[in-house]
Amino acid sequence: MTKPSLPDLLHAAVSAVGGTERPGQVAMAEAVAEAIDDNSHRLIQAGTGTGKSLGYLVPALAHGERVVVATATLALQRQLVERDLPRTVDALHPQLRRRPQFAMLKGRSNYLCLHRLHEGAPQDEEDGLFDQFEAAAPTSKLGQDLLRLRDWADETETGDRDDLTPGVSDKAWSQISVSSRECLGATKCAYGAECFAEAARERAKLADVVVTNHALLAIDAIEGAPVLPQHEVLIVDEAHELVSRVTGVATGELTPGQVNRAVKRSAKLVDEKVADALQTASESFERVMELALPGRLEQIPEDLGYALMSLRDAARNVISAIGATRDKSVHDEDAVRKQALAAVENIHTVAERITNGSEYDVVWYERHDRFGATLRVAPLSVSGLLREKLFEDRSVVLTSATLKIGGDFNGVAASLGLSPEGVEGDDVPLWKGLDVGSPFDYPKQGILYVAKHLATPGREGTRGDMMDELAELIEAAGGRTLGLFSSMRGAKAAAEELRGRLDNPILLQGEETLGELIKNFAADPKTCLFGTLSLWQGVDVPGPSCQLVVMDRIPFPRPDDPLMSARQKSVEEHGGNGFMAVAATHAALLMAQGAGRLVRASGDRGVVAVLDPRLATARYGSFLRATLPDFWYTTDRNQVRRSLAAIDAMAKADGK
């Protein structure tokens, strides 16, 4: 039997989802198939509207070996598992003569734990051990969430938190879930045979395509114990997010509250002397943290060093002692022991890591008004880790709408541990870059407007001229505005000011759930939506409700961000341009993602307005603009107002 051709398979899949075949999608599918066949690596930029999911799913399913697809957002995971994969498998089945299986796999804490649900969570000592469902007042939000979780546990087939709608608070979920460190293990657990997390793993072992998230991919790479099944091909979608997700997984933290909980959880399982030593170390750590000022610690202060060594040593002794004792008087002893061990092991790991003081780690204090001080440690770079763990023994395809920064792939490639394209050498993974473009006609569909006449934004203070400009643009657009701000403080200030000046409703991130805000924004063209980071990447509102996307300023990282400034300094020490490699690249990625909110369909028209003159006047402006979609570019404020008014009039004439 002849093997079905890739164009035929792609045509069948696109028809099944009711889409339109696009040249970029065909080019992408061919590049993915070639990478799989050659066991090589690809970076593929595929603009909005390309249909990139099918561009990689069709060659992956045709290949026949197991493929792991890792995405950054829940929305894309859901789209793949609930929509794209079922339809694609149905469409390809007749030609492939087999029905590929697919499954979703997440970290253990994303699944309901039946042991926790039925036996209760081991509580901190002052609370005693109690049934959390009885203890939470049924009238409280927590009580209502827990009762709903108990009912849901009887109905759910997956136990996956994301299948619970509406969702519940993190506090409620933590009562009925466990981390991998706290899990008893299927063989020791009375509920092991029914375990949702184990069932998900078993489904993944049998699947041809396993859909997971960047965090689990990072855990699989970092921790050495494989959590993903063996696979020949890895596809990383939303790959512009990968470095920050891997950094997040590789970051450790210590807080006095966390250390206190570990003390309480372990006290009943070890003798008094060992418990007292951890208690004493905890108290000295808390005293140091009370005086902690936010910022990077290039050298560990002497008092913190002593406190961390005491914590490390005391935690090590507790871990040994817990392993050597049994106490039948403790209810559900295995679970209590496992939870205590997980808490103390985390403290030992982080305290030891900071005490050892690697030149490749960055250590800093953070302060929160409500929660006090946190001590954090993160890798200066994850590029070496990714080069070593990601690209060995499998073909890797990384794709996103934003991979070319400043006009080429090399910046993103370097952050992933790759050499410049085409460079060969020992232990250097070879890769090729491909930009398949976008089906949208950006110069005709969108305008990039830079408000060159405004004052350069300073670090502090309100920007009266910027507020006037924003108000005038919104009025010209008739609402229809997504406001992307570099800080929550900026978004709030703009919302408060303009609510008093304009008739248009202004929604503000944080005042409702993100899903609800986006739904309300899409439903009413007069409405504006203001917010910060998650809106730069998480909004998909085609049509006339979003015809003006405003960025208040270039979103450089804060100058006092310890990790970003350490990375910048490191690049400079190695002879590079730290500002361009770190700060400008960070800003370019975010701006490209933000600008991508404007044109989501072939009929969309509108303006991306950047209220920061530096995009037009600074030397790095051309680098940032080269990363954005190829919109028609202007600094003429009157031209933009006329264009917005015309777009508004056209939408109203169409009854929108």
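## Strands β12 and β18

L448 has Y633 as its bridge partner in β18. Strand β12 (residues 446-450) pairs with β18 in the parallel sense over 3 bridges. Strands here are DSSP runs of E with at least two residues and helices are runs of H or I with at least four residues, numbered from the N terminus; two strands pair if DSSP finds at least two bridges between them.

The model is predicted, with pLDDT of at least 70 needed for local features and 80 or more for side-chain atom pairs to count, while totals for chains, interfaces and linings use all residues. Residues are numbered from 1 along each chain as its sequence is written, and side-chain values use heavy atoms, leaving out hydrogens and water.

## The sheet

The open sheet is formed by 7 strands in the order β14-β15-β13-β16-β17-β12-β18, with parallel pairing. Its edge strands, β14 (506-508) and β18 (632-634), each pair on one side only. From one strand to the next the twist averages 15 degrees; angles run from 0 to 180 degrees between N-to-C directions, and axes are lines fitted to C-alpha atoms, for helices over the stretch in contact.

## Strand β16

Strand β16 (residues 548-551) is joined by 4 parallel bridges to strand β13 (residues 481-484) and by 4 bridges to strand β17 (residues 606-610), also in parallel. L548 stands opposite T481, and its bridge partner in β17 is V607.

L548 and V550 point one way from β16, V549 and M551 the other way, and all are buried (under 20% relative accessible area, 1.4 Å probe, protein chains only; exposed is over 50%, partly exposed in between).
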